[in-house]
Amino acid sequence: MDAWKDVSTSSQHAVYLGQWTNWSRGPLLGTTLTLTNRDGNLVIAFAAFFVTLVASRVWRIICLCCHQACSSSESQVAPYHQRQIILRNSPSPQSALWKLSQLEWVSRSSSIREVGRTIVPISLALLCLGGFAGVTYILPTLSASTGNEVLLLPRKCGSVNFTEIAYNVTEFYELLQPLLANQITNAANYAQQCYSNSTGTLGCTGFTKDRIPSIVQFNAECPFHETVCRSKTSNLFLDTGYINSHNFFGLNSPLENRVLYRKTLQCAPLVTKGYTSTWRSSTANYTRYHHGSFIIVEASNSSLSNGLYMIEDVASQYRTSFDLRGTPYPIPNRNYLVDAFASIIQNGSASVDAEYVPSPKLRRDDGDSFIIFLSGNGVYFQEPSTDDWYKATKLFEGNTSLSISPSEFDSFIFDEPASPLGCVQQTQFCYEGLPKGKRCGPLASFYDSMSAALEMSPSQTASAQLNWIATQVDSGWISNIIKTLGARALTSQRDLVLGLQGPIAKNQWQLDVVYWWATTLAFVQGNFIDGVVGPSDRRLDKYIVPPEDAQICSNQKIRTTAFTSFNVFGLYFLFLSGALLIAFSFSIEPIISCLHAKQRYNQYKYLEWVTGESLQLHRLAHEGVGWGTWARAIEDIPTTEKGQALGCLDLTEPLHPRLCSPISHLSDDVDIEHFSESGCQTPSRETRRPPYLVASRTLNPPSRPRYQHTNRLAIGEKMPPYCFSHYRN
């Protein structure tokens, strides 16, 4: 089992690919699609293309509405017609915005009313462009909104049967013990970097939450009888609060099946006066500590020892370095000795997991007790320590020097052979699906709180959830952390060099306990992933016991950047709404066409929209001067008779190109010298159409709309014979 692979790189675990429900957002909004990063990038790219397509079709609808709202059968000035043509032929809001802005600039001398009519479509183009740009910008949130959460694929899901593997001593020590040691060491590293304010090299993004929050109180009361604590008020209290199994452990489940887990820890340094005795041997003097009695387990029964802990006295602990002084042999580097003992309570008395029975004033039947002994073991202090657990105010009789420096200096040693620290841990389980006031069991020892919670379970699924959670948090005792890490469990190690302890904080023991606490929480977080993935050593597979509810194995979440998860509701909403808009944009014109064909609905507005299309404008221009015999005059694509040639440009004035008139349609009095080699008439300046001649569309017959002229010619001005073909009729 190695949940910590996910700390450095999340691609180590097998992940479920496909659609699943993330119950953090409910059954509808929580529907999630997990893909590889490659496929996820393709989805985002297609969604961006789709949004661009939808934007162009929405703009088409806007253009149609604006065009129809502004359409008028009365004679209008040029900016009106140009605006209508722009609205009819702009494929996108950005192209319309550019053209309309240009029109607004060149038409700035027009009336205020005409300018205002252009401002409206410009504003709509800006709104459409900004709106869909925003939609494109938030497309990645379809993935980011899920928080990079994915489901693990179970391999060998379950928990290790410690009772069964204990009968095989070889595999217990060769397989299980190294596995647990590796897990605790990794949890300690994770706690140091992710539960503290320091910046570490490990990534803290593997679990559903980086850390489990806790309430820390540094001035708590004594957790035992007040006479056994060195201080009545300067003690430590830690509380996780109610941890939601879904949010913090990653157990993906609906609200009614979720379990709330709470753990508290209260610690205090203990007095030694009246709790010690001396035992002498032929080689050294020992001090016994009677804060309880160690349970001696024998084959058929168990007994209690005379005392809980025994260690060499202070003089013996520092004798080795003193005796070697002045000899050619190096003085060995010394380190602290830390030993921990647990008293696990079940049904108000010591359980089979208990290692000692506390003394009467240290006994707590409503919680699990621990005693941790710290010994100096030859460690010197650079400065005197007044910390209640690291009590080292005794000046060492003699000078101290380091092996790397001949200079000597004063140092301090532990006041006592060992310093005891007592702790009480309490646990509580609750069901989030139950009504408030009735959802929690008692705050008690681990086994008693679990038993009480199982009796009030609302469903079998919730009971299975609680049993699974209890299995994963069961081994998260501070005693297990200390036994595995030894002196490495002390944060004072960071300032310990060659057996010389640098300056430490006045509440150093509290910093140590907070570190143990964080390590147990990180260890529990990792257990939930390890329980699904299974042991890394396949030889342990035979000792794995599956959970009561097999669905638990398929509902473990982690966070990873190696895969991409999408909100399915968001994808459906995007593509369905976009598809509806596209379908509406393509159907609205045929609907209007059908209404016009049957009821002549808004005839002029409809025909102005139809003939304003670029190909129809092309037809109008050529047909107006007599080029071609045209059909499909109100269809999308007008046509001429097969093989018919159309006019070309008259480039007599390159800065003002025009369409040529066909020679066959000229009057008899036209001078031949005014024709180009292409067969187009080259009109003289005197015969050109006056610039103030205004045109509007004629709708008779409506199947072939053409431009008609409003006679606004100056007195004595002659109508040029080559302007429009219908003037010859």
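Predicted model: local features only at pLDDT ≥ 70, side-chain atom pairs only at ≥ 80, totals over all residues.
Figure 1. Cys 70 is in no disulfide. The nearest cysteine sulfur to that of Cys 70 belongs to Cys 66 and lies 6.3 Å away. Cys 70 is partly exposed, with a relative accessible area of 25%. Cys 594 is also partly exposed, at 37%.

**Figure 2. The Cys 157–Cys 553 disulfide.** Cys 157 is joined to Cys 553, with an S to S distance of 2.0 Å. The pair links distant parts of the chain, 396 residues apart. Cys 157 sits in the loop between β3 (149–151) and β4 (159–160). Cys 553 sits in the loop between β27 (544–545) and β28 (557–559). The torsion about the S-S bond is about -85°, so this disulfide is left-handed. Cys 157 is buried at 12% relative accessible area. Cys 553 is buried as well, at 9%.

**Figure 3. The Cys 194–Cys 204 disulfide.** The sulfurs of Cys 194 and Cys 204 are bonded at 1.9 Å. The torsion about their S-S bond is about -80°, so the disulfide is left-handed. Cys 194 belongs to helix α9 (residues 169–194). Cys 204 lies in the loop between α9 and β5 (215–220). The two cysteines are 10 residues apart. Both Cys 194 and Cys 204 are buried.

**Figure 4. The Cys 267–Cys 423 disulfide.** A disulfide with an S to S distance of 2.0 Å joins Cys 267 to Cys 423. Here the S-S torsion is about 115°, so the disulfide is right-handed. Each cysteine is in a strand: Cys 267 in β8 (residues 259–269) and Cys 423 in β24 (residues 419–431). They are 156 residues apart. Cys 267 is buried, at 1% relative accessibility. Cys 423 is buried too, at 0%.

Figure 5. β1 pairs with β2 (residues 31–36) over four bridges. Thr 21 has Thr 31 in β2 as its bridge partner.

**Figure 6. The surroundings of Gln 465.** Gln 465 is found in helix α14 (residues 460–473). This glutamine is buried, with a relative accessible area of 6%. Leaving aside neighbours within four places in sequence, Gln 465 is in contact with Leu 251, Ser 253, Asn 257, Val 259 and Ile 552.

**Figure 7. Confidence along the chain.** The average pLDDT is 82, and 83% of the residues score at least 70. Confidence is highest in strand β6 (residues 235–239), at a mean of 97. Confidence is lowest in helix α1 (residues 5–8), at 41. Residues 672–679 have a pLDDT below 50. Beyond near neighbours in sequence, that stretch has 15 contacts in the model. Residues 709–729 are also below 50, with 50 contacts beyond near neighbours in sequence.

Methods: Residues numbered from 1 in each chain as written. Heavy atoms only, no water. Pairing = 2+ DSSP bridges. Buried < 20%, exposed > 50% of the residue type's maximum accessible area, 1.4 Å probe, protein only. Contact = heavy atoms within 4.5 Å. pLDDT = per-residue confidence, 0-100. Disulfide = S-S within 2.5 Å.
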